[in-house]
Amino acid sequence: MKKQLVFATNNRHKLEEVRLILENTYQVLSLEDMDCWEEIPETGSTLEENARIKARFVWNRYGLDCFADDTGLEVPALNNAPGVYSARYAGEQKNSEENMCKIVWELANKDDWSAHFRTVIALICGGQEYLFEGKINGHLIKEKRGDKGFGYDPIFVPQGQDKTFAELGNEIKNTISHRAIAVNQLKAFLYENLSE
C-alpha cells in the first residue's frame, strides 16, 4: 500500500499535476479528501512564507505528513511583480483572465517581456520542515494561445519552446515546469530519506 501524503490544496489543476509526478510513490490526498473546506489564509510576503503557512496548517490540524506550495510569476520589468500576489494580481476575486489582461497592459510600453515562474514547496515530515524550489525562465506574449493549463499559462512561453504552457499540455509541461522541478526535488528527497 502506498504511503499517504497530504497536499495542502483544493486546486484541481495543481493536484492533477502533482499526482502525475508522484503517483508511483505516494497516494496524494487533497484538503477535500481530508474533508477540509477552509480557505487557508496566505498572509506571507514571500512564496516561502505562504508555502510554510499552508503546510503548518495541515500539520497542526491533522498531524499528518504534508506539503504545500506557492507559485508566483515574476516579471523583471515590473520589479518581479506579481510574485506572491500572482493569483490575485487584478483583485481578490482571483480571476485569471483579469490577471493576464492587467499584466499585458502593464507591459505594453516595455521592451523586456522576460518572465519566470517560481514554485516553492514546504514539506513537513515527522515535524521536520524542508523547502524545495523550482524555477523556469521564459517570456510573456500579448495574445493568449492554447486552452490547456491554468493561470498565466496561455501567455507564458518557456525558454527553449515556441509554444505557451497552455499549448504544450500536461505531458510536456510536467517534465519542464517550475512545479515539476520542485516536485521532482520533493520526490527525490522522499525516496532517498523516507523509502522503506
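This briefing walks through the fold, the surface and a few local backbone details of the structure above.

The model is a predicted one, in which local features need pLDDT of at least 70, side-chain atom pairs count only at pLDDT 80 or more, and totals for chains, interfaces and linings use all residues. Residues are numbered from 1 along each chain as its sequence is written, and side-chain values use heavy atoms, with hydrogens and water left out.

**Fold and overall shape**

- The protein chain holds five helices and seven strands; these are DSSP runs numbered from the N terminus, with helices being H or I of at least four residues and strands being E of at least two.
- Read from the N terminus, the order of elements is β-α-β-α-β-β-α-β-β-β-α-α.
- Along the principal axes, the C-alpha atoms fill a box of roughly 55 × 30 × 25 Å.
- Among contacts with a separation of 6 or more, 54% join residues 24 or more positions apart, where contact means heavy atoms within 4.5 Å.

**Burial and surface**

- In the protein chain, 47% of the 196 residues count as buried; the classes are buried under 20% relative accessible area, exposed over 50%, and partly exposed in between, with a 1.4 Å probe and protein chains only.

**Cysteines**

- The whole structure has zero disulfides, a disulfide being a pair of cysteine sulfur atoms within 2.5 Å.
- For Cys-36, the nearest cysteine sulfur is that of Cys-66, 11 Å away.
- Cys-36 is buried at 2% relative accessible area, whereas Cys-101 is exposed at 52%.

**Backbone details to look at**

- Most residues other than glycine have a negative phi, and most peptide bonds are trans.
- The peptide bond from Ala-81 to Pro-82 is cis, with omega near 0°, and Pro-82 lies in strand 4 (residues 81-82).
- Asn-80 has a positive phi of about 65°; it sits in the loop between strand 3 (66-75) and strand 4 and is partly exposed at 37% relative accessibility.
- Lys-94 also shows a positive phi, of about 55°; its place is the loop between strand 4 and helix 3 (96-107), and it counts as partly exposed at 38%.
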